[in-house]
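Work through the exercises below with the sequence and the model open. Each task is followed by a solution in steps.

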Amino acid sequence: MNTSFIHVDAGACIGCRTCEVSCAVNHQSDEQPGFHPRLRVYKASKDSAPAVCHQCEAASCLSACPTGALRKKNGIVEPVQTLCIGCKSCVMACPFGAVDIVAGAGAHSTMTIVKCDMCQHDPDGPACVRTCPTDALSVMTSERLQQLSQRKRSRLF
């Protein structure tokens, strides 16, 4: 399975929210105006880190959706906006708080699923990773996970 997700090094995060801003700007469009980042930085007393979609293999948000408005394609959980009815079942099912539903403006407003899509529309990759001033964010792939696992095993023996 081809896995790809944003890895967060909470120890390196300074809580500047640059990732939120770059994400929202990267996804802004005429269809979805406003500030809607696909990750949120949470701050505790001394630490901070963004909550971001883990692109789970057995994603609970997918199984919770009664209309199939979320699907897994190329290892990424992506929305099918036209199928969203705004029930927020996916929001409640996500253990990481990485999914949101936003209502559009106007009399015939549509519901929009807001979650990390790994910036698939951007050839440069995830905007949050590119703009993090402390490199607290990185793209984790299946290959990189395997390398880290092998390195860890080799240290044990």
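**Exercise 1: a residue in a helix**

Glu20 sits in helix H1. The model is a predicted one.

Task: Decide whether Glu20 is buried or exposed, and find which residues Glu20 is in contact with, leaving aside neighbours within four places in sequence.

Solution. 
- Step 1. The relative accessible area of Glu20 is 6%.
- Step 2. Buried means under 20%, so Glu20 is buried.
- Step 3. With neighbours within four places in sequence left aside, Glu20 touches Phe35, Pro37, Leu39, Arg40 and Val41.

**Exercise 2: salt bridges**

Task: State how many salt bridges a search of the whole structure finds, then describe the partners in each.

Solution. 
- Step 1. The search gives 3 salt bridges.
- Step 2. Arg17 and Glu20 pair through their side chains at 3.4 Å, N to O. Arg17 is partly exposed at 34% relative accessible area, whereas Glu20 is buried.
- Step 3. Glu78 and Arg71 pair at 2.8 Å, N to O. Glu78 is buried at 11%, and Arg71 is partly exposed at 38%.
- Step 4. Arg130 and Asp122 form a salt bridge with their closest N and O atoms 3.2 Å apart. Arg130 is partly exposed at 41%, and Asp122 is buried at 15%.

**Exercise 3: surface patches**

Task: Which residues form the nonpolar patch on the surface, and which gather in the patch of positive charge?

Solution. 
- Step 1. The nonpolar patch is made of Val21, Val25 and Phe35, which together have about 280 Å² of accessible area.
- Step 2. Val25 lies in helix H1 (residues 18-27) and is exposed, with a relative accessible area of 54%.
- Step 3. Phe35, part of this patch, is also among the contacts of Glu20.
- Step 4. The positive patch brings together Arg144, Arg151, Lys152 and Arg155.
- Step 5. Lys152 is in helix H5 (residues 142-156). Exposed means over 50%, so Lys152 at 57% is exposed.

Methods:
Residues are numbered from 1 along each chain as its sequence is written. This is a predicted model: local features need pLDDT of at least 70, side-chain atom pairs count only at pLDDT 80 or more; totals for chains, interfaces and linings use all residues. Side-chain values use heavy atoms; hydrogens and water are left out. Patches are made of residues with over 30% relative accessible area and no salt bridge: like charges are joined within 9 Å, nonpolar side chains (Val, Leu, Ile, Met, Phe, Trp, Tyr) within 5 Å. Accessible areas come from the Shrake-Rupley method with a 1.4 Å probe; for residues, only the protein chains shown count as cover. A salt bridge is a side-chain nitrogen of Lys or Arg within 4 Å of a carboxyl oxygen of Asp or Glu. Lys and Arg count as positive and Asp and Glu as negative; His and the chain ends are not counted. The place of a charge is taken as NZ of Lys, CZ of Arg, CG of Asp or CD of Glu. Helices (H or I, at least four residues) and strands (E, at least two) are DSSP runs, numbered from the N terminus. Buried means under 20% relative accessible area, exposed over 50%, partly exposed in between (1.4 Å probe, protein chains only). Contact means heavy atoms within 4.5 Å.
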